[in-house]
Amino acid sequence: MLDLLAAILEIFLEVFAEALFQFAAEFVGALILRGLAEVFDTSEFKSPWLACIGYVFLGGVTGCLSLLVFPHPLFHPSRIPGLSVILSPVLAGLGMWMVGVALRKRNKKVMQIESFGYGFAFAFGMALVRFLFAMMA
């Protein structure tokens with residue numbers, strides 16, 4: 001029974017840590033996008049589908065870059081492979097949505113990535129690249 005609880009706790013910790021890592025990368029990405037938007041005054045894509053594909057691609061690139069810093073999986077793979085590829089982006093998307101809500105309450109300009117959908121897309125690209133690398137390693 002104790003082994004089952006330990007396995008469940010390990011799965012939750014893995015998903016939470018991956019989501020936190022992805023959220024931090026998204027937050028830094030949002031700051032960079034804000035800086036670029038101030039310079040070029042183009043902070044949003046016109047087409048939602050193009051934006052979604054773009055954020056998945058940017059997340060994949062960020063995932064590749066994160067492999068330079070963290071070349072190994074952040075946690076040992078859980079007993080359910082690929083679970084963090086879906087759950088971590090959901091948590092990271094919720095985190096970015098909460099950032100967007102907080103900024104709207106303060107009447108600040110909100111970037112596209114500070115929504116659930118685009119935050120999820122970015123984190124999904126990042127999680128997918130890291131998962132595929134872990135599968136090949």
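## Val129 and its contacts

Val129 touches Gly60, Gly63, Cys64 and Leu67, leaving out residues up to four places away in sequence. Contact here means heavy atoms within 4.5 Å. Val129 belongs to helix H4, residues 116-136. Helices are DSSP runs (H or I, at least four residues), numbered from the N terminus.

## Model and confidence

This is a predicted model, where local features need pLDDT of at least 70, side-chain atom pairs count only at pLDDT 80 or more, and totals for chains, interfaces and linings use all residues. Residues are numbered from 1 along each chain as its sequence is written, and side-chain values use heavy atoms, with hydrogens and water left out.

The chain averages a pLDDT of 85; this score is the predictor's confidence in each residue, from 0 to 100. At least 70 is reached by 91% of the residues. Confidence is lowest in helix H1 (residues 2-40), with a mean of 81. It is highest in helix H3 (residues 83-105), at 92. Where pLDDT is low, the predicted coordinates should not be read in detail.

## Gly125 in helix H4

Gly125 also sits in helix H4. It is buried, at 5% relative accessibility. Buried means under 20% relative accessible area, exposed over 50%, and partly exposed in between (1.4 Å probe, protein chains only). Gly125 is in contact with Val56, Gly59 and Gly60, setting aside neighbours within four places in sequence. Its C-alpha atom is 16 Å from that of Pro73, 52 residues away along the chain.

## Glu114 in the loop

Glu114 lies in the loop between H3 and H4. It counts as buried because its relative accessible area is 2%. Its side chain reaches the backbone nitrogen of Met111 at 2.9 Å. Beyond four places in sequence, Glu114 touches residues including Ala30, Arg34, Trp97, Leu103 and Lys109.

## Nonpolar surface patch

Phe16, Leu20, Leu91, Leu94, Trp97, Met98 and Phe116 form a nonpolar patch on the surface. Such a patch takes residues with over 30% relative accessible area and no salt bridge, joining nonpolar side chains (Val, Leu, Ile, Met, Phe, Trp, Tyr) within 5 Å and like charges within 9 Å. A salt bridge is a side-chain nitrogen of Lys or Arg within 4 Å of a carboxyl oxygen of Asp or Glu. Together the patch residues have about 690 Å² of accessible area, from the Shrake-Rupley method with a 1.4 Å probe.

H1 and H3 each supply at least two patch residues. H3 gives the most, with four. Leu91 is in helix H3. Leu91 counts as partly exposed because its relative accessibility is 38%.

Conventions
A polar contact is a pair of N or O atoms within 3.5 Å; within protein, one must be able to donate a hydrogen and the other to accept it, and residues adjacent in sequence count only if both atoms are side-chain atoms.
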